[in-house]
Amino acid sequence: MKKILIILGFLASFSVSCVLQAAAPPPNIVLVFVDDMGYGDLACYGNKKNKTPNVDRLASEGQRWTSFYSSGAVCVPSRTGLMSGRHPALFSGRHELPKTRDKLMAAMLKKKGYATGILGKWHLAGYPKDFTKSPMHPLECGFDYHYGTPGSNDVPAPPGKRQIRSLFDVCDKFTFRVPLIRGRKLIEVPTDQELLTKRYTTEAVKWIGAN
């Protein structure tokens, strides 16, 4: 089965596993979306200091795009633009996004026969009391599989604390009570963030192999 895996917030590349040609089957897609990374941070885009061999390989075996722009400088707007294909400023508020669920990227690809999975930070549902029942849960937006956190890895803050630099300087992997969720099942809270990237990678490889 054709598959698309979207990984939000733990690697740094965009790769398509094969180039679409006339009469060729649609490509499998691995899309890696990263916060706080600049265009020139990767060796495959000319950085002489940073060594990124695995990402460089994705670029050489897939596609390396030179005119791909984020629709926003921060988390929610950039994800809104990515998933909807619209500039985030065109949405008058977050309440509008659920009305477009059947037109978001995963839902559109699913209609074309893709198996769809997402791992990592979602950050398109706000912070509802019960994320698993949110109308903007990934499983309500065209994804067959979900493993990750509802939003940022520093929300919620500890009682009586604010997300400021002095807190980040002294925090540990359990300071923030971030929930880790697979599908609609809460796996752990607070999430052990020390090995979270490795856990995402393991889950991603497993999902790709099964689909």
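**Figure 1. Helix H2 (75–84) is mostly covered, with 7 of its 10 residues buried.** The structure is a predicted model, in which local features require pLDDT of at least 70 and side-chain atom pairs pLDDT 80 or more, whereas totals for chains, interfaces and linings use all residues. Residues are numbered from 1 along each chain as its sequence is written, and side-chain values use heavy atoms, with hydrogens and water left out. The buried residues of H2 are Ser78, Arg79, Thr80, Gly81, Leu82, Met83 and Ser84; buried denotes under 20% relative accessible area, exposed over 50%, and partly exposed the range in between (1.4 Å probe, protein chains only). Glycine 85, with a positive phi near 75°, follows H2. Helices (H or I, at least four residues) and strands (E, at least two) are DSSP runs numbered from the N terminus. The protein comprises 5 helices and 7 strands, and 40% of its 211 residues count as buried.

**Figure 2. The largest nonpolar core contains 17 residues.** Such a core is a set of buried Ala, Val, Leu, Ile, Met, Phe, Trp, Tyr and Cys residues joined through side-chain atoms within 4.5 Å. Met83, Leu97, Leu104, Trp122, Leu124, Met136 and Phe143 touch the most other members. Strand E3 (29–33) and helix H2 (75–84) each contribute at least two residues to this core. Apart from this core lies another, of 9 residues, including Leu180, Tyr200, Ala204 and Trp207. With neighbours within four places in sequence set aside, leucine 124 is in contact (heavy atoms within 4.5 Å) with Val76, Arg79, Thr80, Met83, Leu97, Met136 and Pro150.

**Figure 3. Two edge-to-face contacts belong to the 5 aromatic pairs of the structure.** Rings of Phe, Tyr and Trp (its six-membered ring) pair if their centres lie within 6.5 Å; planes under 30 degrees apart count as stacked, over 60 as edge-to-face and the rest as tilted. The rings of tryptophan 122 and phenylalanine 143 have centres 6.0 Å apart and planes at 90°, so this pair is edge-to-face. Both residues lie in the loop between strand E4 (115–121) and strand E5 (145–149), 21 residues apart. Tryptophan 122 counts as buried at 1% relative accessibility, as does phenylalanine 143 at 2%. For tyrosine 147 and tyrosine 200, the ring centres are 5.9 Å apart and the planes stand at 90°, so this pair is also edge-to-face. The second pair links distant parts of the chain, with tyrosine 147 in strand E5 and tyrosine 200 in helix H5 (residues 196–210), 53 residues apart. Tyrosine 147 is buried at 3% relative accessibility, and tyrosine 200 is buried with a relative accessible area of 4%.

**Figure 4. Arginine 64 and arginine 86 lie over aromatic rings.** A charge sits over a ring if NZ of Lys or CZ of Arg is within 6 Å of the ring centre and within 35 degrees of the ring normal. The charged end of arginine 64 is 4.9 Å from the centre of the tyrosine 45 ring. Arginine 86 lies over the face of phenylalanine 91, 4.3 Å from the ring centre.

**Figure 5. The largest pocket has a volume of about 710 Å³.** On a 1 Å grid over the protein atoms alone, where a 1.4 Å probe fits, a pocket is an open set of points with protein on both sides within 12 Å along at least five of seven lines; lining residues have an atom within 4 Å of a point. Grid points are joined across faces, edges and corners, and the volume is the space filled by probe spheres set on the points. Among the 30 lining residues, Phe33, Val34, Met37, Phe68 and Ser70 are the closest to the pocket centre. E3, helix H1 (53–61) and H2 each supply at least two lining residues, and E3 gives the largest share, 3 residues.
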